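Hi,

Here is the structure I promised to pass on. Have a look, and then read my notes below.

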Amino acid sequence: MNQTKNDAPIGSPAPETIIAARKAAGLTQSAASTLIYAGIRRWQDWEAGTARMHPALFELFCLKAVFADEARPLLERLSESTGTVVLSIAAKAPAEMVQS
């Protein structure tokens with residue numbers, strides 16, 4: 001079976017891509033790592049290029065950074081109806097964690 005360019009597997013993002021995505025989201029390294037449940041040191045390693053970020057984690061970061069506000073009402077309703085916190089995506093990053 002031949003693979004076309006469009007259905008080729010996505011590789012790990014380059015450090016420059018990770019940095020650009022974080023900055024575009026207006027987040028510090030700490031806020032970005034918290035968003036995807038990673039440690040700050042791991043995030044720093046990804047940005048420095050000393051470790052490779054799994055493509056699924058990069059996709060998760062991009063989705064959560066973009067759609068957190070849209071997902072908040074749904075997750076709050078789910079949390080209220082089940083009595084448990086569904087996902088922490090509904091939490092906004094503290095002001096000190098957002099880049100100015």
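Which residues have the most contacts inside the largest nonpolar core? They are Ile18, Leu27, Ile36, Trp43, Trp46, Met53 and Phe61, in a core of 14 residues. (A nonpolar core here is a set of buried Ala, Val, Leu, Ile, Met, Phe, Trp, Tyr and Cys residues joined through side-chain atoms within 4.5 Å; buried means under 20% relative accessible area, exposed over 50%, partly exposed in between, with a 1.4 Å probe and protein chains only.) H1, H2, H3 and H4 each supply at least two of the core residues, and H2 gives the largest share, three. Helices are DSSP runs of H or I, at least four residues, numbered from the N terminus.

Before you go further: this is a predicted model, where local features need pLDDT of at least 70, side-chain atom pairs count only at 80 or more, and totals for chains, interfaces and linings use all residues. Residues are numbered from 1 along each chain as its sequence is written, and side-chain values use heavy atoms, without hydrogens or water.

Now for H1 (residues 15-25): Ile18, Ala21 and Arg22 are buried there. They share one side of H1, because they cover an arc of only 95° around the axis (taken from the directions from the helix axis to the C-beta atoms). Glu16 and Ala24, on the other side, are exposed. Helices H2 (29-35), H3 (40-48) and H4 (55-82) are among what covers the buried residues. Just after H1, glycine 26 has a positive phi of about 75°.

Cheers

Key:
Contact means heavy atoms within 4.5 Å.
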